[in-house]
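This report walks through selected parts of one protein structure. Please keep the sequence and the 3D view at hand while reading.

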Amino acid sequence: MSDQLLIVVVEDDKSIAELIRYNLESESYRVLHFENGSDMFDALATEKNPISLFILDVMLPGQDGFEICETLKKDEKYRWSSFLFLTARSSETDKVEGFRVGADDFLTKPFGMRELLARVKALVSRNQERLALLEGKVLTLDSGNSKIDSTKSASVQVGGVLLDDARHRVYVNDQEIEMTHREYELLKFLMTNKGLAFTRDDLLNHVWGYEYSGETRTVDVHIRQLRRKIEENPSEPLYIQTVRGVGYRFQDKE
């Protein structure tokens with residue numbers, strides 16, 4: 001088994017794919033590139049190494065990136081892999097669909113290699129952190145703020161919302177709620193720091209692990225998704241509250 005972290009790239013534009021591959025390999029990642037989902041699935045059937053990150057173009061021949069991600073997410077082998085989508089479209093509809101199927105991040109074409117590498121580094125780091133926690137190792141984020149708790153706890157309950165971190169599950173009024181990895185991490189961060197208000201940039205830094213260069217709509221999309229899943233009335237949220245002029249905070253029911 002190789003010690004190099006493995007990244008799978010599915011991109012049908014050969015010039016973009018070669019540029020991505022060159023830059024990733026320059027950072028000592030092992031890279032597998034495919035032009036479509038069919039070739040990727042055939043090759044992964046015999047791949048023995050865990051895959052840290054999938055980089056998927058949205059528009060592909062055959063299955064699109066969303067369909068590939070949705071299929072991979074059903075396989076236990078890729079449960080803890082991260083997913084980065086490349087798209088020529090910047091519409092919120094695409095992002096909502098991507099996050100629904102399990103996307104961790106998006107990059108809109110054209111993009112710079114420095115930005116790509118920053119996102120890859122953050123996603124791979126998060127992936128390694130999750131695996132370490134599953135193995136019982138203790139890892140904490142350097143938040144620079146002693147009031148912020150980014151550590152693992154067995155469970156957190158606020159009102160009718162229970163986050164069972166040991167089993168990576170969320171329950172609302174005793175009903176299990178399905179969540180993507182990023183939704184889970186965002187909810188966990190807000191719940192373990194209930195009562196504290198965070199800007200969108202704060203949340204991007206602590207939950208996504210890096211700065212988004214002002215693309216804070218990603219946070220808003222995830223907040224809306226979370227509200228739909230845990231709030232009785234998403235338009236009048238009791239848990240995830242908007243703090244005018246600041247951002248968001250998690251607050252217990254009164």
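## The largest pocket

A helix is here a DSSP run of type H or I with at least four residues, and a strand is a run of type E with at least two, both being numbered from the N terminus. With that convention in place, α6 is the element that gives the most to the lining of the largest pocket, supplying 3 residues. The structure is a predicted model, which should be kept in mind throughout.

The largest pocket holds about 680 Å³ of space. It is lined by 23 residues, and those closest to its centre are Lys73, Glu178, Met179, Thr180 and His181. By type, the lining consists of 12 charged, 6 nonpolar and 5 polar residues. At least two lining residues come from each of α3 (65-73), α4 (92-101), β8 (169-172), β9 (175-177), α6 (181-192) and α8 (217-230).

## Helix α6

Is α6 largely enclosed by the rest of the structure or left open? A residue counts as buried when its relative accessible area is under 20%. In α6, 12 of the 12 residues are buried, so this helix is largely enclosed by the rest of the structure. Among the buried residues of α6 are His181, Arg182, Glu183 and Lys188, together with Leu186, Phe189 and Met191.

## A covered strand, β4

Strand β4 (residues 82-87) is mostly covered, with 6 of its 6 residues buried. In a regular strand, side chains alternate between the two faces of the sheet. In β4, Ser82, Leu84 and Leu86 point one way while Phe83, Phe85 and Thr87 point the other way, and all of them are buried.

Strand β3 (residues 51-57) runs parallel to β4, and 5 bridges join the two. Within this pairing, Phe54 stands opposite Phe83 in β4.

## The sheet of β10, β12 and β11

Strands of a sheet pair through backbone hydrogen bonds, either parallel or antiparallel. An open sheet is formed by 3 strands in the order β10-β12-β11, with antiparallel pairing. Since β10 (198-199) and β11 (240-243) stand at the edges and each has a single partner strand, one side of each is left without a neighbour in the sheet.

The antiparallel strands β10 and β12 (residues 247-250) are joined by 2 bridges. The bridge partner of Phe198 in β12 is Tyr248, and that of Thr199 is Gly247. β11 and β12 form a hairpin with 3 residues between them, and Gly245 in the turn has a positive phi of about 80 degrees.

## A loop residue, Gly209

Gly209 lies in the loop between α7 (200-208) and α8. Is Gly209 buried or partly exposed? Its relative accessibility is 35%, so Gly209 counts as partly exposed. The C-alpha atoms of Gly209 and Lys121 are separated by 9.2 Å, although the two residues are 88 residues apart along the chain.

Definitions and conventions
Residues numbered from 1 in each chain as written. Predicted model: local features only at pLDDT ≥ 70, side-chain atom pairs only at ≥ 80, totals over all residues. Heavy atoms only, no water. 1 Å grid on protein atoms, 1.4 Å probe; cavity = no way out; pocket = protein on both sides within 12 Å on 5 of 7 lines; lining within 4 Å. Points joined across faces, edges and corners; volume = space filled by probe spheres on them. Nonpolar A, V, L, I, M, F, W, Y, C, P; charged D, E, K, R; others polar. Buried < 20%, exposed > 50% of the residue type's maximum accessible area, 1.4 Å probe, protein only. Pairing = 2+ DSSP bridges.
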